[in-house]
Amino acid sequence: MTEPAVRCTDLSHSFGTTRAVDGVDLEISPGEVFGLLGPNGAGKTTTLRMITTLLPTTPGRITVFGVDVARRRMAVRRLIGYVPQQLSADGALTGRENVALFARLFDVPRARRDAEVRRALDLVGLADEADRVAKGYSGGMIRRLELAQALVSSPRLLILDEPTIGLDPVARSAVWERITQIRTDTGMTVLVTTHYMDEAEQYCDRVALMHTGRIRALGTPADLETDLGPGSTLDDVFRAVTGDRLETDEGGIRSVRAARRTARRLG
Ligand SMILES: Nc1ncnc2c1ncn2[C@@H]1O[C@H](COP(=O)(O)OP(=O)(O)OP(=O)(O)O)[C@@H](O)[C@H]1O
């Protein structure tokens with residue numbers, strides 16, 4: 001039997017009295033693009049941080065391709081490429097130098113390093129811009145550069161936390177088209193968080209709707225919408241299972257913060 005790419009069993013995490021994640025069970029199949037959806041504060045980032053070994057997994061258990069996250073952290077880290085919400089590209093370095101830094105960090109063998117850096121830059125469509133300093137890149141190019149950083153170690157599981165937040169619609173589509181192409185070319189499993197319902201509908205094979213630390217609905221976007229009734233959208237499904245509304249506005253405080261962070265980091 002094929003091991004799931006990710007299996008979470010009864011996962012919980014509290015910060016003081018805040019129950020950020022509350023009894024999450026989740027299985028992600030190899031090769032799928034899986035969307036974890038929910039409004040700010042739903043518990044998405046906390047779930048990702050447990051899967052990426054950055055937070056403890058007790059109570060509960062996580063395996064990544066069958067490897068136990070609590071017991072074999074380093075082995076799990078080698079399977080994962082992670083693009084967090086906070087930017088990690090260095091504006092003073094070129095695109096190529098930024099990716100090469102990650103190749104060294106992730107122990108890509110020296111003999112293969114240059115080729116792997118080229119391959120990663122190619123996968124995200126930055127080959128022609130690789131020798132420009134990153135502070136001249138647009139927000140969308142920076143996101144693609146961060147994707148290349150995560151891809152340089154050839155992970156089996158790519159984890160992206162809100163990859164399109166703060167980007168304009170054209171840049172958002174460009175990032176998603178790259179993600180979809182990378183999955184097709186490499187067979188990689190992709191776990192992505194977003195609160196943009198339209199993106200999830202268009203690009204995710206399956207989604208989990210998360211609210212106040214719990215998974216409230218799980219399935220393909222089409223199945224979830226059909227189950228609710230003709231003409232339903234994922235936003236309607238979310239409202240039906242939680243009685244709440246997903247934040248979908250483009251100009252919210254988080255977009256502004258993300259844009260400011262980009263500007264600050266890249267000078
Ligand atoms: N380091 C922390 N210390 C205290 N509380 C935290 C911490 N990180 C998250 N929380 C709280 O845990 C809950 C879940 O947060 P989390 O960041 O996982 O949500 P999210 O769905 O990823 O939302 P966002 O997209 O805003 O990051 C929220 O109530 C948040 O305030």
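## Close-up views of a predicted model

View 1. An open sheet of 6 strands has the order 6-7-8-3-9-10, and the pairing is mixed. Strand 6 (80–83) and strand 10 (214–219) stand at the edges. Each has a single partner strand, so one side of each is left without a neighbour in the sheet. From one strand to the next, the twist averages 15°. The model shown here, and in every view below, is predicted.

**View 2. Strand 9 pairs with strand 10.** Strand 9 covers residues 206–211. Strand 9 and strand 10 run antiparallel, and 5 bridges join them. Look for Leu209: it stands opposite Ala217 in strand 10. In a regular strand, side chains alternate between the two faces of the sheet.

View 3. Strand 1 spans residues 6–15. Strand 1 and strand 2 run antiparallel, joined by 8 bridges. The hairpin leaves 2 residues between the strands. Gly16 sits in the turn and has a positive phi of about 60°.

View 4. Which residues lie around the ligand? They are Phe15, Thr18, Ala20, Gly38, Asn40, Gly41, Ala42, Gly43, Lys44, Thr45 and Thr46. Two or more residues of this shell come from each of strand 2 (18–28) and helix 1 (44–51). Helix 1 gives the most, with 3 residues. Sorted by class, the shell has 3 nonpolar, 7 polar and 1 charged residues.

View 5. Helix 5 runs over residues 139–151 and has 13 residues. From its first C-alpha to its last, helix 5 reaches 19 Å. That is close to the 18 Å expected at 1.5 Å a residue.

**View 6. The protein chain is seen as a whole.** How many helices and strands does the protein chain have? Its secondary structure comes to 10 helices and 10 strands. The radius of gyration is 18 Å, close to the 18 Å that the globule rule gives for 267 residues, so the protein chain is as compact as a globular protein of that length. Along the principal axes, the C-alpha atoms fill a box of roughly 50 × 40 × 40 Å. Buried residues make up 44% of the 267 residues.

Methods:
Residues numbered from 1 in each chain as written. Predicted model: local features only at pLDDT ≥ 70, side-chain atom pairs only at ≥ 80, totals over all residues. Near = placed C-beta within 6 Å. Helix = DSSP H or I, 4+ residues; strand = E, 2+ residues; numbered from the N terminus. Nonpolar A, V, L, I, M, F, W, Y, C, P; charged D, E, K, R; others polar. Pairing = 2+ DSSP bridges. Axes fitted to C-alpha atoms, helices over the stretch in contact; angles between N-to-C directions. Expected span 1.5 Å × (residues − 1). Rg over C-alpha atoms; globule rule 2.2 N^0.38 Å. Buried ≥ 20, exposed ≤ 12 C-beta atoms within 10 Å, placed from the backbone.
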